[in-house]
Structure formats: structure tokens, C-alpha cells
Amino acid sequence: MGAVMGTFSSLQTKQRRPSKDKIEDELEMTMVCHRPEGLEQLEAQTNFTKRELQVLYRGFKNECPSGVVNEETFKQIYAQFFPHGDASTYAHYLFNAFDTTQTGSVKFEDFVTALSILLRGTVHEKLRWTFNLYDINKDGYINKEEMIDIVKAIYDMMGKYTYPVLKEDTPRQHVDIFFQKMDKNKDGIVTLDEFLESCQEDDNIMRSLQLFQNVM
């Protein structure tokens, strides 16, 4: 999550006086294609303070003046943080996880809601969000190929300069081990309950997921 967070938050402008901030924000809000919900409402729905939301919004609107970000822009942002690899596939999956309404664009509300979960949510909330990321076709289950696709996309994003050098079949080997643990009834799919239970009872799985979350 540091990649997305770093991009938007680093684009914030210098601090200005509160009265001027308010006037400029209102003027800029009339020029964008999408107006976010009120900060008070977002403050109630997320784990961010009003001031933190203001800072996040400044970064978001600087990068996305229209008030929404499409997938192509999202990929360009993500690619900046992984110059030695190909981040496009993983950014595609991550974008779909942010785009909860499947409209092809991510609004500020979508962005901060996901960010709130990933940075300050409970373990249960983070795991549910991660399950949704791995459930590529959104059918409510994770199959082995979906998990392989996500893990391979992460390895591709990290690039050829990883150490030790990864073999071609490393993603599949990695997934084989964890999928066997997660698919408790051996029906070839992992349900949300199986995912939550496996992650919370197996420290190795939890550590691996935490490592993968570091690239978000």
C-alpha cells in the first residue's frame, strides 16, 4: 500500500491558512467531474481524522484533477515505484479491488475507504479485503489459478533483481503449499471462512500475506 499512499500523499501542496484552504477547495471542487462526500461523513466511515482526509484529498486531486482515477493512470502511478519490474498486471488486480462498484474508475471515497482498512483496519478487515483482491472473478471463492495469477503478478512487479533469483515455477510452488492448507475440505476452492481461518491459525501464511501487503 506504500506505493499508492506515497504517490498521492507526496503530491500535497504546502500548508496554507485554513480560511484560504477552504475557499480554494470549494473553488476547485466546482471544477472537478466528481465531488467526494463530505469530510465529516468520510471521517465517520474511515479511521482517518478530518485533517488527514484533507491531506489525502490534496494529493488525490493533484494527481487526478477530475476527481476520479482510471486504470491507466493507476498503472502509471504504480509503475513509478517498481522501475525494475512489470507492475501492470498487479496494478490491474489492485485497481479492481479498489473499484468496488466495477465502474472502471476509482473515486476518492473508494481510495480512502480501502486505505483505511489496509492501514488501520482490524486483522479481520484486512483479511477480508485481501480475499477480495485474490478473488479475481468476484464469484465469492478463490481457486488455485487465481492465487497463482496474483502471486505471479507480484513476482513480475518485483523484477529480475530480487535476491535470491526466482525460478519460473516459484509462484506455483508457493501457492501449492498455501492452497493445500487453506482448502480444508479439498474441493478445489477456498471460501472466505476457510481463508480467514487458515490465515489466523497459521503464522507462515499470515507472514507471507503481510509481505505481499507491503507492495500495495
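The protein contains twelve helices and four strands. Helices (H or I, at least four residues) and strands (E, at least two) are DSSP runs, numbered from the N terminus. The structure is a predicted model, in which local features need pLDDT of at least 70 and side-chain atom pairs count only at pLDDT 80 or more, while totals for chains, interfaces and linings use all residues. Residues are numbered from 1 along each chain as its sequence is written, and side-chain values use heavy atoms, with hydrogens and water left out.

Of the 216 residues of the protein, 44% count as buried. Here, buried means under 20% relative accessible area, exposed means over 50%, and partly exposed lies in between, with a 1.4 Å probe and protein chains only. Contact means heavy atoms within 4.5 Å. Among the contacts in the protein with a separation of 6 or more, 66% are accounted for by residues 24 or more positions apart.

The UniProt record, an unreviewed entry, carries the annotation "domain: EF-hand" for residues 86-121, 122-157 and 170-205. UniProt positions are given in the numbering used here, feature names are shortened, and annotations may be inferred rather than shown by experiment. In the model, the span of residues 86-121 is 67% helix and 8% strand, and its end C-alpha atoms lie 29 Å apart. Residues 170-205 are 72% helix and 6% strand, with the end C-alpha atoms 16 Å apart.

Two pairs of packed helices were examined. Two packed helices are described by the angle between their axes and the distance between the axes. Axes are lines fitted to C-alpha atoms, for helices over the stretch in contact, and angles run from 0 to 180 degrees between N-to-C directions. Angles under 35 degrees count as roughly parallel, over 145 as roughly antiparallel, 65 to 115 as roughly perpendicular and the rest as oblique. A crossing is left-handed if the near helix is turned anticlockwise from the far one by less than a right angle, and right-handed if clockwise.

On the α7 side, A114, I117, L118 and L119 take part, and they meet E125, K126 and W129 of α8. By class, this contact of α7 with α8 has five nonpolar, no polar and two charged residues. In this classification, Ala, Val, Leu, Ile, Met, Phe, Trp, Tyr, Cys and Pro count as nonpolar, Asp, Glu, Lys and Arg as charged, and the others, Gly among them, as polar.

The second pair is formed by helix α6 (residues 88-98) and helix α9 (residues 144-158), whose axes come within 7 Å and cross at roughly 130°. That angle makes α6 oblique to α9, and α6 passes α9 in a left-handed crossing. Residues T89, Y90 and Y93 of α6 make the contact with D149, I150, A153, I154 and M157 of α9. The contact of α6 with α9 has six nonpolar, one polar and one charged residues by class.

Within helix α9, I150 counts as buried at 0% relative accessibility. Residues up to four places away in sequence being left out, I150 touches Y90, Y93, L133, Y134 and I136. I150 and V175 are 25 residues apart in sequence, and their C-alpha atoms are 9.9 Å apart in space.

F60 lies in helix α4 (residues 50-63) and is buried, with a relative accessible area of 1%. Between F60 and F111 there are 8.9 Å in space, C-alpha to C-alpha, and the two are 51 residues apart in sequence. G67 is placed in the loop between α4 and β1 (68-70) and is buried, with a relative accessible area of 6%. The C-alpha atoms of G67 and K107 are separated by 6.4 Å, although the two residues are 40 residues apart along the chain.

Backbone geometry was also examined in two loops. Most residues other than glycine have a negative phi, and most peptide bonds are trans. Q102, which is not a glycine, has a positive phi of about 55°. Q102 is located in the loop between α6 and β2 (105-107) and is partly exposed, with a relative accessible area of 47%. K138, a residue other than glycine, has a positive phi near 55°. K138 is found in the loop between α8 and β3 (142-143) and is partly exposed, with a relative accessible area of 33%.
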